[in-house]
Each structure stands twice: as structure tokens, then as C-alpha cells.
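Have the 3D view open and follow along.

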Amino acid sequence: MSDNERKPSLNPFKAIGAVLAAFSGIRRGKDSKGDLQKLSPVQIILAALICAAVFIASLLLLVRNIVPD
Amino acid sequence: MTTATHDHDHAHDDHHDHHPTGLARWVTATNHKDIGTLYMWFAFIMFISGGVLALCIRLELFSPGLQFFRPELFNQFTTLHGLIMVFGAIMPAFTGLANWQIPLMIGAPDMAFARMNNWSFWLLPPAALLLMISFVVPGGAAAAGWTLYAPLSTQMGMGMDLTIFAIHIMGISSIMGAINIVTTILNMRAPGMTMMKMPMFVWTSLITAYLLIAVMPVLAGAVTMVLTDRHFGTNFFNAAGGGDPVLYQHIFWFFGHPEVYIMALPAFGIVSQVIPTFARKPLFGYHSMVYATSSIAILSFMVWAHHMYSVGMPVTAQLFFMYATTLIAVPTGVKVFNWIATMWKGEMSFETPMLFAIGFVCLFTLGGLSGVVLSIAAVDIQLHDTYYVVAHFHYVLVAGALFSLFAAVYYWLPKWTGYMYDEKMGKFHFWWSMIWFNVTFFPMHFLGLAGMPRRIPDYATQFTEFNTIASIGAAMFGFGQLILLYNVIRTIRGGVGPAPQKPWEGAHTLEWEVPSPAPFHTWETPPPVALVDKLSAEQKLH
């Protein structure tokens, strides 16, 4: 892993990856340490809120498909 | 357990206290330890009061037919039992623990707002008094169940008004307590203690405090709407006036479901402190524990209507809440997995706190599983408002929250009092509670599956045997709690001898770096960074 970034920069996919891994509870130790260095709490909270919104939207989509009109 | 002493220079702390003594010490208390103690004793008194109500319920249900109490009074017992246990016992007990432990565990001298802390506590006794005296006002206490559903709650006597005011006051107390916890944790951690080095109990207290700030105002709003419906001519929940009683249920459960986690998350935190200590291994998956706690907190806001499947909702909504609820089992499962993995190949020893923690893991998982059963809408239509639900939430709240509180009391009692408790008696208390808890609540699953409704003073004769067994179990469980009281009082008076600074060799958090008993003022000088780093390394936190 390249550790050339000291300050957290914008890593939207890494942040969303971290949140998804957090939800399932499975994460490689190396990646988990990398999260702490590369992501700021604000990024993680934003990613979590986006994931929550996507989660709600996909559940709604799923149930609308299941339920006949 | 041995004494691994890490003497640091705190011995000077306990000789220079200038604080009031006697009653004034408690009334004017601003010290986090004194306020923590007040909270804990208040919670214990409420626990006994709510327990007496529970025993009255079980007495009436010992055999079919109306034996001792009028149905109206029986409904008051079930309502006040729930309200007192939730708002008077479990929540204040966790706030008390947070008060005692958070400053010690993060290396802060006190809570951030010491005087507000005093006010948070002293609002509670008047609220409890309002609940108690509501039994003797015309019409008696609230009898609508702890959920205070409209239209029942818009119709009752002044006991309901007293309950509404009590909930307002306790809500204010909780919000202030939560603000204090958040501010303390975010601003007063010792140098070197980053968020990801905080003990799990601190993490879960922080997330719980956010939940409290988010949902207590919602409850306050709901009961205020009930109040204005009752007295000021509004029709929020009155169908005759264009209102909607189901609206109350939505608002209540938007508070009520996160409330379940307000009572569960600190329990997770305690167990995550106790198990690594007695397994002598760092907590497995600390990061995933933190994330799982956050996930549970976020999910807890989008599942409330699973309490309302039988009320009448579009199938789309039922499916949505069903899927979302079932998914909470994932982060909760992560936690259970992590506790088991922490114990795996550990050098386990089974002191009383560890016994209660293991009891928690076993029984909470059982309560969680019956929760998954109830989350399925089609099954819940059958089981809603039966004793299956009563069994489910007592597994989560008694074997969950209460057992974790017992674990916490035994775990930190040496630090609080400076003396060791009687281990044999503690173990006896565990096994007594474990056995009689299951005798009380396991048969309730069968009763519920067979169709016995909750909140009734009488029942059909085919339910007799299991009810009798449950009543005997409840009496035994209830009186068994006097063992805890005796053990605690005995420990305060000297116990089985002085406690070392660190009675548990596997503990690696900051509270064990101050003498036992913890001096009146601790961490006036923050712990050295080297010490924080050393402890973090011992817990494998980076």
C-alpha cells in the first residue's frame, strides 16, 4: 500500500468500502489501519449517510418489485 | 487474579478534598463519582420498586381467575412496571456507570458540565415521585401500557398527566446527561487517546448519548401532544376530531426503537470490557465493534414500524420494515462473533463479572433470535401482543441490560469501594439469577406461541402450568437480588479485604491506574502519553 498521503484526501470509494466492510464486520487488518490514516471521520459519516440512503432506496425498490400492483 | 500494580503518582489526590459532608455532599454534588453513586443507588431503588410491581403481576397470574387485584389495578401495575424499569432503573443505571467510569477511563478530571450533571440527577427523584404518587390519585396510575397508546392515554384520569410530566422531566434529565457525556468524550480525553483508542464502553456510551439526544425530544413531543389532546382541545390522536391514533404509534416507536438500543448499546460496551479482561486477550475486532455499534445505531432509526405490523400498513411498508429489521441481525451477529472470538483460546477465568458477561452473551443471543422471529411480519401477526413478545424483550432487557449491569457492578466495585466483594456469594448470585431468570421467562415463549395475550389479569385454564412455573421463577429471581444488595453493602463496609489497585490482571484500561478506592479527584493531571500508549498497545489498539 502506498503511504504517501499524510492528510486525508477525498477517497469516496475507500470511504464507502470502509462503511460496507463495517456493516458486514469483515475487514482485512491492513485495510482497516489504512482507513484510519486515509479517511477523516467526516468522510466516513458522509459515506455512512449515503449508504443508509442507498440502503433505504434499494429496499424500497425491492419491495415495490415484489408487491403486485 | 493477582495484583499487577502500576503505581503512578495519584496517592496524593485523596488527602486534599474540600467538599461538603453529610447530606450536603449529595445534594450539592458536582463530583462525577458522587453523582455516579447517586445514579446507581437511585436505579437500584427503582429496580426494587419495579420488581415489586412485577411480583404483584406474577402473583395475580399464579393461577387463573381474578385472585388479588382488580383488572384496572393490574393494568396500572404492568404500565408502571415497564415505565419504572425502563426510565427509572436501566437508563439511570447506565448513566451512573458512564458518570463513574468515563472520566476515569479517558483520563479526564470530571465530566464537562459538573453542575448540569447535578441537575440531571436531581430531576430524577421528583419524576419517580410523580410516578409513585399517581397510584393514589383519583383514577389511579396510568394503565395504558408503557407505550401509552392513544386513545387509551387520551382518556384516563390525572394519573396519566402525572406520568406525562414524569416523562418530560426524565427526558430532560436524559438529554442533559447525554450532552454531558458527548462533550466529555469529545473534548476531555487524555493526550494520546485518540477516538480509536477509547475503551469500548466509552464508545458505546458516546453513541448511546447521540441516540438519546436524537429521540428523547420525539418522545417528549408525543406525550405533549397527548397532553394537549387531553386538556387543550387538540385532536392529534382523536379520530372523531380528524386526528389519527396510529400517528401516536408511529411517533412513539420512532423514539421507542432507538430506545431499545439506548438500553442495549451500553450493555455491549460493558461486556466488551469484561470479556477481554477475563479471557486475558485483547478484544477481537475492536474496529468492527465500533463500526457495528454505529451501524446498529443508524439502522435503529429505520425499523420502528416492526412494532406495528398488526396495526394495518401497506404490504410495501410491512416488507420494508421487515427486511430492514432482519438486517440488524448482521451487525449484532458481528458483535456476538467478536465476543466469542475474544474468548477463543483465551486464558479464561470465571469471576462473577465474567460469569454475568458470558450469561449475557448466551441469553442476549437467544433474545435476539426471538427478535428475528418477531421481525417477520407474517409470523408477528400471530405473535403480536402475546407472551412471546414478553419473553423476547425480557431476554434482551433482563438477561441483556440487567446482567451486563450486574457484571459492571462486580467488575468495578473494587475500584469504587476499595474493597473486594465476596466472590462465592457473587457466583451464587449469578447462578441463582441465571436459573430463575430462565424458569421465569422461558415458559413465556410457549405461552405466547399457544396464544396467551399479554397485559391481561386472567387467562384460560390451559395456560395454568407455565404461568405457575413463571410466577415461582419470578419470586425466586426477585428475592435473589437481595444477595446483590447484601454483597454490595458488605463490600462497602470492608468486604473480604482491601482491593488492590488492579484486582483483575487482564485489565488494561486507565481506571486501573488510579488507587482503590478511586480518590475523590482523579486525573487532575492527565495521564502521561507514554502510559496511554502502553495501555493501548496492550489492548492491541493502534
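Just after helix 17 of chain B, B:Gly494 takes a positive phi of about 130°. Keep in mind that this is a predicted model.

**Helix 17 of chain B**
- The buried residues of helix 17 of chain B include B:Asn467, B:Ala470, B:Ser471, B:Gly473, B:Ala474 and B:Phe477.
- Further along helix 17 of chain B, B:Leu484, B:Asn487, B:Val488 and B:Thr491 are buried too.
- An α-helix has 3.6 residues a turn, so residues three or four places apart point the same way.
- The cover over these buried residues includes helix 2 (32–60), helix 15 (387–417) and helix 16 (423–449), which also belong to chain B.

**A leucine in helix 8 of chain B**
- B:Leu206 sits in helix 8 of chain B, which takes in residues 200–231.
- Is B:Leu206 buried or exposed? With 24 other C-beta atoms within 10 Å, B:Leu206 is buried, because 20 or more is the cut-off.
- Setting aside neighbours within four places in sequence, B:Leu206 is in contact with B:Ile181, B:Val182 and B:Ile185.
- B:Leu206 and B:Leu38 are 168 residues apart in sequence, and their C-alpha atoms are 21 Å apart in space.

**The transmembrane region of chain A**
- UniProt, in an unreviewed entry, places a "transmembrane region" at residues 44–63 of chain A.
- In the model, residues 44–63 of chain A are 100% helix and 0% strand, with the end C-alpha atoms 28 Å apart.

**Where chains A and B meet**
- The contact takes 17 residues from chain A and 20 residues from chain B.
- On the chain B side, helix 10 (286–299), helix 11 and helix 12 (329–343) each supply at least two residues.
- Helix 10 of chain B gives the largest share of that side, seven residues.
- Helix 3 of chain A (residues 41–66) packs against helix 11 of chain B (residues 315–327) at an angle of about 130°, with the axes 9 Å apart.
- That angle makes helix 3 of chain A oblique to helix 11 of chain B, and their crossing is right-handed.
- Helix 3 of chain A makes this contact with A:Leu59, A:Leu60, A:Val63, A:Arg64 and A:Ile66.
- From helix 11 of chain B come B:Thr316, B:Leu319, B:Phe320, B:Tyr323 and B:Ala324.

Note on methods: Residues numbered from 1 in each chain as written. Chains lettered and ligands numbered in written order. Predicted model: local features only at pLDDT ≥ 70, side-chain atom pairs only at ≥ 80, totals over all residues. UniProt positions renumbered as here; feature names shortened; annotations may be inferred. Helix = DSSP H or I, 4+ residues; strand = E, 2+ residues; numbered from the N terminus. Buried ≥ 20, exposed ≤ 12 C-beta atoms within 10 Å, placed from the backbone. Contact = placed C-beta atoms within 7 Å. Axes fitted to C-alpha atoms, helices over the stretch in contact; angles between N-to-C directions. Parallel < 35°, antiparallel > 145°, perpendicular 65-115°, else oblique. Left-handed = near helix turned anticlockwise from the far one by under 90°.
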